[in-house]
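Have the sequence and the 3D view ready, and let's walk through some aromatic rings and the helices around them.

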Amino acid sequence: MQRVRCWKTGLQLLKSACEGAAKPSTSRKYSHGAGSFGLLFDIDGVLVRGRTPIPAAKQCFKNLVDRHGKYKVPVVFVTNAGNSMRQAKAEHLSHLLEVEVTPDQVMLSHSPLRMFTDIHKMRVLVSGQGPIEEVAHNLGFQDVVTIDMLRDAYPLLDVVDHNRRPKDKIPPTKGLRPIDAVILFGEPIRWETNLQLIVDVLLSNGNPDNVWNAARYPHIPLLACNMDLLWMAEAKSPRFGHGMFLVCLESMYKKVTGFDLKYEALIGKPSVVTYNYAELLIREQAKRLGWTTPVKRLYAIGDNLMSDIYGANLYDHYLQASQRTKAQMQVKSGGGGSETVEDALKMTSAELGGASGVYGTEGDLPEGCSSILVCTGVYSREEGLPSDPAHAVKDQPTFHGHRDFRFDPSLTEPTFLVEDVKEAVELVFQQEGWPLE
């Protein structure tokens, strides 16, 4: 069985893919000056609630650009949404925030798939909503099958909804060439259809013409983007996200086969590869700002403990481990002793998300990544903010992270806890000693 080996090339492949994906905008202009930090913004629950801008967001971004509309620091929007193209998301943000946002500033949950070149030539089944076929081709996939195409080829598979069952005579099966891998971009519209057909493909080794065979394990490669269990729209309570769909798929597969569903890669926040990719976008923007010094610090602003905060803290641990490993390797190469190089911070393959083997390979990685939790989205405090952010969020009674991620309570503790995004940006500029006005 052909498996995905996309992370063997590490950061160099990620870098080349990122540079190819994020061409400088010819219309983008920046303020000039030496700088040392960049901002990563979540969108849902931080800047908008559904289609409604959070009031503090507009004022925040008016302060982030100068009187000519030029950004003062590198800014990347890192969202786990994946139901659109970057261009559409950039246009939407530009309209809502009333500042120019270009595609090279937008990172969707599936953006790191550009580096997974080993599967770009495979025949892939994609699940989600929006222009998923266009998205897949834009990411580099050449042979794409959608759930609707699969339904059309195998009309007897989708029968949960009685109104969609074939009427009168049984239609013929058209058949398709076997599917090599499955990619889940985000939550679909018809969960029952997607769950049924994805399980059909996994249990038939990519060929629904075959009967189920649970003994054929592990199944063909499965990659998933966006693990958010919940997200915040206009409703007063959080809504189910793609992470909830994954819980359903995992449970169904386990119930039918007795085996655990296996992911070749989990992409999007909180995986390390997502932050690696976002950092490279920040670095490219810093160059266009005219900055001659590397970006030393990142500030990730979000509302979700198990994606935004966990992810930023996990990436910070990754950066610290990278620095320790590099320093110890320099000591060894200089004959400074026979100490064993410290093992890199232990992370699961799911947490790395495809970034394994990157430790110590880039000399200009940031020194750290600080997490900032806002109270306008999934996380909300009704009785004000505590003086110690750790007291607000540690010892959570329910783990909302993905099954394949560890529950480390310390990773859900934000570096800073603030009311909204405006306060978050003001805090960052104060920390950095920069004037915001």
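Predicted model: local features only at pLDDT ≥ 70, side-chain atom pairs only at ≥ 80, totals over all residues.

Residues are numbered from 1 along each chain as its sequence is written, and side-chain values use heavy atoms, leaving out hydrogens and water.

**Overall build.** The protein has 12 helices and 15 strands, taken as DSSP runs (H or I of at least four residues for helices, E of at least two for strands) and numbered from the N terminus. Of its 437 residues, 55% are buried, meaning under 20% relative accessible area, with exposed over 50% and partly exposed in between (1.4 Å probe, protein chains only). Among contacts (heavy atoms within 4.5 Å) with a separation of 6 or more, 77% are between residues 24 or more positions apart.

**Aromatic pairs.** The structure holds 15 aromatic pairs. Rings of Phe, Tyr and Trp (its six-membered ring) pair if their centres lie within 6.5 Å; planes under 30 degrees apart count as stacked, over 60 as edge-to-face and the rest as tilted. Two stacked pairs are set out here.

| Pair | Centre to centre | Angle between planes |
|---|---|---|
| Tyr217 and Phe259 | 4.4 Å | 15 degrees |
| Tyr315 and Tyr318 | 5.6 Å | 20 degrees |

Tyr217 sits in the loop between α6 (191-203) and β9 (222-225), and Phe259 in the loop between α7 (242-257) and β12 (265-267), so their pairing ties together parts that are 42 residues apart in sequence. Tyr217 is partly exposed at 26% relative accessible area, and Phe259 is partly exposed at 33%.

Tyr315 and Tyr318, by contrast, are both buried. They lie in helix α9 (residues 305-333), 3 residues apart, or about one turn of the helix. Elsewhere, ring pairs join Phe37, Trp291, Tyr299, Phe429 and Trp434 into a cluster.

**Helices α6 and α7.** How do the axes of α6 and α7 cross? They come within 11 Å, at roughly 45 degrees, with axes being lines fitted to C-alpha atoms over the stretch in contact and angles running from 0 to 180 degrees between N-to-C directions. That makes α6 oblique to α7; angles under 35 degrees count as roughly parallel, over 145 as roughly antiparallel, 65 to 115 as roughly perpendicular and the rest as oblique. Residues of α6 including Trp191, Leu195 and Leu202 take part in the meeting with α7, where the partners include Met244, Phe245 and Tyr253.
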